[in-house]
Amino acid sequence: MIGWLLTVALAADPAALRQLHGEGGVVDVGTEATGVAASVGSVVVGVSYGYGAYVAGHVGQRRVLVGEEQGWGLDGLGAVGLAGLLATPGVALVGTGELRGGVRDERGQATLGLVVPVALRVDVPPQLAVPVGLELRLAGRLGPVWLGCRGQAGATPSVGGVPAGRAEAGAFVQLGGQAR
Amino acid sequence: MAVAQSGCQAAVVDLMPDPARTGLDGTAGPYGVAHQAFRAQARVTDVVRYEVSWPATADGAYDDRAGRCPVVMFVHGGFVPPDAYRWLATHVASRGYCVASPEHALQLAIMESDNASVVLDDLQERPRGPLENGVGDDAVVMGHSLGGAVATFRWVADERFDGLALLASWPADSSDVESMTGRPSLSLIGSEDKGGEATQTAYEVYQRFPSPSWFGVVDGMNHYDWADGASDADLASDGVPTRPQADTRRDVLRVLDTWLDAWLRDDAEAKAALEARGFPGVAEAP
């Protein structure tokens, strides 16, 4: 199963950045990419490496849309950035939107999110991919550390191409602040 | 296996050259064979990993005597790793062809059904390392099992793939194969594939293919004889082969080599041999 997951290629999803809320830093290791992110003032910045595919930097912000900090609620996240493409060298503008809803309190979290990590290759020839994924995310608090895991599945439509399936699993650790 | 450095990656030599080998009657050709893994960018930030086997010298370099090699794009079966077909890629490359095998998400070609076209782009527009001057313009797409259905999608959608070879496979109902008049197709399947049930289905679906098409049933072969390393669970779901695998594969290679020579090298003798259908161990119908 792990071997299958390792063969999956995904878009430049800033997974680490998406896991962090509030103060602190997070490390996310997924089957498709590894990333780190940290809060800087009111925004979150993150860097991710998609194994052999890209290196990307993002800056973004998460906000509570419905509900409160604790209990049931719905969050929204927006992030933009730049990716360097590695297999066929090039540059892409990347942007990610996420809607995440579920339950969270001081001990644990269980959420379901809709993730759209868009990528536009801006060198010649230009290309546009608009992946869409559903992500299930579970996390629990262990002292000052939040430990979590996530699984995502969806599709990657691209202009001029055939939609491709996508799947990813990952785990993350957050230090400081409050993961949500 | 020898390992030769070429560019930034290592090429692995699978077969040493031997001018005494003729490449006739289902036997290996005179070229050595090496393979190497490459990556192609896809869907902007995705990457497709693929392997290429090519006609090689003893040190793994491209053998210039092969000229610019036609491309055989191979799509693996469901849950079967591409290297399970290395026996086939090595054989075909020893006769002067380049065989490329893309990987797919979850080892299901249907997950990324245009990877074959992505890889052909990469090979022909950005050849590198030992393949820098070796890749030709002509190409066919070939697939085993689920890979054959996906290969058919590419054959219909991407006109750079002139021919289609189905190994123990048949196209999806939605593939408009009826419109492919004048584009060659080949369908080979074992008589014991899934106990013979799949053989009958492949034969019935084959009737949809316009000329020039060629269908053959390999006596005694089952579904997983096409791939190395089948699991006990795979074999339990398959028919029981009635002849040694080495013999059935030799029968397959006689036909496959002839078909490739006919359509990728425009070999008149090979076309005549296909027309005559004198291939031992391969019948016209179930």
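A: **A:Arg121 and its surroundings**

Leaving aside residues up to four places away in sequence, A:Arg121 touches A:Gly90, A:Ala92, A:Pro126, A:Gln127 and, in the other chain, B:Val44. The model is a predicted one, and every value below is computed from it.

In chain A, A:Arg121 belongs to strand E7, which covers residues 108–121. The residue is classed as buried because 23 other C-beta atoms lie within 10 Å, where 20 or more are required for that class.

The contact takes 28 residues from chain A and 19 residues from chain B. On the side of chain A that touches chain B, at least two residues each are supplied by strand E5 (71–85), E7, strand E8 (127–129) and strand E11 (164–175). The largest share, four residues, comes from E11(A). By class, this side of chain A has 17 nonpolar, nine polar and two charged residues.

The strands named above belong to a chain with two helices and eleven strands. Read along the sequence, chain A follows the pattern α-α-β-β-β-β-β-β-β-β-β-β-β. Its radius of gyration is 16 Å, which agrees with the value near 16 Å that a compact globule of 180 residues would have. Along the principal axes, the C-alpha trace of chain A spans about 45 × 35 × 25 Å. Buried residues make up 43% of the 180 residues in the chain. Of the contacts in chain A between residues at least 6 apart in sequence, 48% join residues at least 24 apart.

In chain B, one element may be described as well. Helix H6 of chain B comprises 20 residues (245–264). At 1.5 Å a residue, this helix should span 28 Å, and its end C-alpha atoms are 27 Å apart, which agrees. Of the 20 residues of H6(B), 15 are buried, so the helix is largely enclosed by the rest of the structure. H6(B) is followed by B:Asp266, whose phi is positive, near 50°.

Note on methods: Residues are numbered from 1 along each chain as its sequence is written. Chains are lettered from A and ligands numbered from 1 in the order in which they are written. This is a predicted model: local features need pLDDT of at least 70, side-chain atom pairs count only at pLDDT 80 or more; totals for chains, interfaces and linings use all residues. The radius of gyration is taken over C-alpha atoms; the globule rule is 2.2 Å times the number of residues to the power 0.38. A residue is buried if 20 or more other C-beta atoms lie within 10 Å of its own, exposed if 12 or fewer, and partly exposed in between; C-beta atoms are placed from the backbone. Two residues are in contact if their C-beta atoms, placed from the backbone, lie within 7 Å. Ala, Val, Leu, Ile, Met, Phe, Trp, Tyr, Cys and Pro count as nonpolar, Asp, Glu, Lys and Arg as charged, and the others, Gly among them, as polar. The expected span of a helix is 1.5 Å times one less than its number of residues.
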